[in-house]
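Subject: Structure handover

Hi,

Here is the structure I promised to pass on. Please open it first, then read my notes below with the model beside you.

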Amino acid sequence: KGSGGVGHVTQSRVSATSSQIEKPGIEKLLIGSIVQIQNLKKMHQLNNLTGTVVGIGPNSTISGSRIVNIARTARIVELHSNGVNVLVQPDNLQPYELNVNKLPPFSGPTPLGINLRLCHPERNMQTFPPSKSLRELYKFNCSGESRYPHGELMPLPIKDQTRADSMMLRRHFVDVDDPDVAETVPDLPALREAAEVHRQTRRYVQQFIRPGLSFLEIAQRIENTTAFLVQKNGLKRGWGFPTGLSVNHIAAHDSPNYQQSSKILKYSDVLKIDFGVQVNGWIIDSAFSITFDPRHLGLLYAVRNATEAGIRAAGPGVPLSEVGAAIQEAMEDRYTVLASIKDAKKRKGPMLQTVRIRCVQNLCGHNMKQYVIHSGKSVPSFPSGDHEVMEMGEVYAIEVFGTTGIAYVEEKGSCSHYMWNKDGPPKSLLHQYLSDKPQALRLAVHIQSHYSTLAFCRRWLDDAGFKDHLPALDALCDAGFVERYPPLCDREGSFVAQFEHTIYLGPNGKEVISRGEDY
């Protein structure tokens, strides 16, 4: 590896010294192909290593925009074991089917001081990939009131217990007898079921995910597993929102469209995996970051630590700004090595340097209600000065993003996430606005009946048979019925990590419902 910034590698030339054997299909070793190195004599230590073809070698002959004699052109291969790029002749490469049954990737250190009180007697009985439903695994209740495991139970952060026992708790408790708020009381059994689906799905993800897999395959595996475990049934139970697979400087809202099937996960990437599960409209919103390069672990640890600080600070009567202050304090006393040569160059500093990790200022956690993932309150990652407080009986997604960039994200790139605009024109005006666009009307009916107020993505519309839906979808967006949620990006070349948990503020403490043994 070079002496540049983390993630920068030099290209080592590996000559083909074995006999020149004509291999069938050698011209198919294109960018994105998974390969295994074979029959090297001088650098035999590379034999049997796997990697991803990430480029065509410099010794190719280019005619116009076309590479000729590509079958005899060396490939630049990124090794899965350490991310180094090597130049290998095609005669020494064999197409390889990636084995996904290996050890899980790095996901940061296990957080310290966490007292897990989960009930998982059946967790080792699930297959790989998951083929047993939750009802088959959990034939009996884990507790008196819940068939599925509780999350982690934590005390409320109340400094003055006498005051809590009197006025404050009563002031910040949801009155279940009030008809105006009775429908908003969380369905804890539904949330716990959704959380167990999330835990089992991400355990499967952490077993199969590897460099070289396409983001499309990762997203489809996650969503197929979630649909099976939750026994997907229309709006009653299913996906909470599209699977987010946001890599490096992209912080959120990036899910692969079918047109991006060649985009692959690399060794040096920081990948945010953010997916949701809903049962009866109650959504588990939880996310984690993974990397294969241990030099990113400082970033992952800082974000994870800050997320835990936000969870500890949360409680009824606590100002949202105070939670943000706890998050920022835990995050911004930490540093990491720059993991991108591009970022080092943009900072005009030495190629290898430490940088301060900062909270992304314009991304926040949020409270959630039935079928509504963002229901009005935002949990900042800094002391915003907002005096609004958390209430007893509320459900929150404590969501934290840390970055080596400018700590501010903007909308950029191809949009994959969409949601019906609940503040847009009334549905009764659909025919008036779109009378000359029958395809848009048909799409609007499908969105309302299948997703309602939940987010959806273009890939799901393709799967539903709307193959050429983009003009109709754009018409709905332009008319104000549907909102676009493009990818949210920090400065290119930087790295962003994310961790997130769903918590419930109950009368006897708070429950980190989505807590698992992984984070």
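The protein has twelve helices and 26 strands. Helices (H or I, at least four residues) and strands (E, at least two) are DSSP runs, numbered from the N terminus. This is a predicted model, where local features need pLDDT of at least 70, side-chain atom pairs count only at pLDDT 80 or more, and totals for chains, interfaces and linings use all residues. Residues are numbered from 1 along each chain as its sequence is written, and side-chain values use heavy atoms, with hydrogens and water left out.

Of the 519 residues, 55% count as buried. Buried means under 20% relative accessible area, exposed over 50%, and partly exposed in between (1.4 Å probe, protein chains only). Now take contacts between residues at least 6 apart in sequence: 74% of them join residues at least 24 apart. A contact means heavy atoms within 4.5 Å.

**Aromatic rings**

The structure holds ten aromatic pairs. Rings of Phe, Tyr and Trp (its six-membered ring) pair if their centres lie within 6.5 Å; planes under 30 degrees apart count as stacked, over 60 as edge-to-face and the rest as tilted.

One of the pairs is Y204 with F208. This pair is tilted, with 4.8 Å centre to centre and 55 degrees between the planes. Both residues sit in helix α4 (residues 188–208), four residues apart, so about one helical turn separates them. An α-helix has 3.6 residues a turn, so residues three or four places apart point the same way. Y204 is buried at 6% relative accessible area. F208 is buried too, at 0%.

Another pair is F499 with Y519. Their ring centres are 5.8 Å apart and their planes stand at 65 degrees, so this pair is edge-to-face. F499 lies in strand β25 (residues 496–506), while Y519 lies in the segment after β26 (509–512), so the pair ties together parts that are 20 residues apart in sequence. F499 is buried at 2% relative accessibility. Y519 is buried at 5%.

Look also for a cluster: ring pairs link W239, Y418, Y451, F456 and W460.

Two charged residues sit over rings. The test is that NZ of Lys or CZ of Arg is within 6 Å of the ring centre and within 35 degrees of the ring normal. R221 lies over the face of F208, at 4.8 Å from the ring centre. K232 lies over the face of W239, at 4.7 Å from the ring centre.

**Strands and sheets**

Two strands pair if DSSP finds at least two bridges between them. β25 and β26 pair antiparallel over four bridges. A hairpin joins them through two residues. I503 stands opposite V512 in β26. β26 also pairs with strand β9 (residues 152–154), antiparallel, over three bridges. There, M154 stands opposite K510.

β11 meets strand β24 (residues 488–489) over two bridges. I250 stands opposite C489 in β24.

Another open sheet has three strands in the order β22-β21-β23, again antiparallel. β22 (456–457) and β23 (482–485) stand at the edges with a single partner strand each, so one side of each has no neighbour in the sheet. Four bridges join strand β21 (residues 417–420) to β23. H417 has Y485 in β23 as its bridge partner.

**Around helix α12**

Axes are lines fitted to C-alpha atoms, for helices over the stretch in contact, and angles run from 0 to 180 degrees between N-to-C directions.

Which residues in α12 are buried? They are A472, L473, A475, L476 and C477. Their cover includes β21, α9 (430–433), α10, β22, α11 (458–463) and β23.

The axes of helix α10 (residues 438–450) and helix α12 (residues 470–478) come within 8 Å and cross at roughly 75 degrees. That makes α10 roughly perpendicular to α12. Angles under 35 degrees count as roughly parallel, over 145 as roughly antiparallel, 65 to 115 as roughly perpendicular and the rest as oblique. Q439, A440, L443, A444 and I447 in α10 meet A472, L473, A475 and L476 in α12.

After α12 comes G480, whose phi is positive, near 90 degrees.

Best wishes
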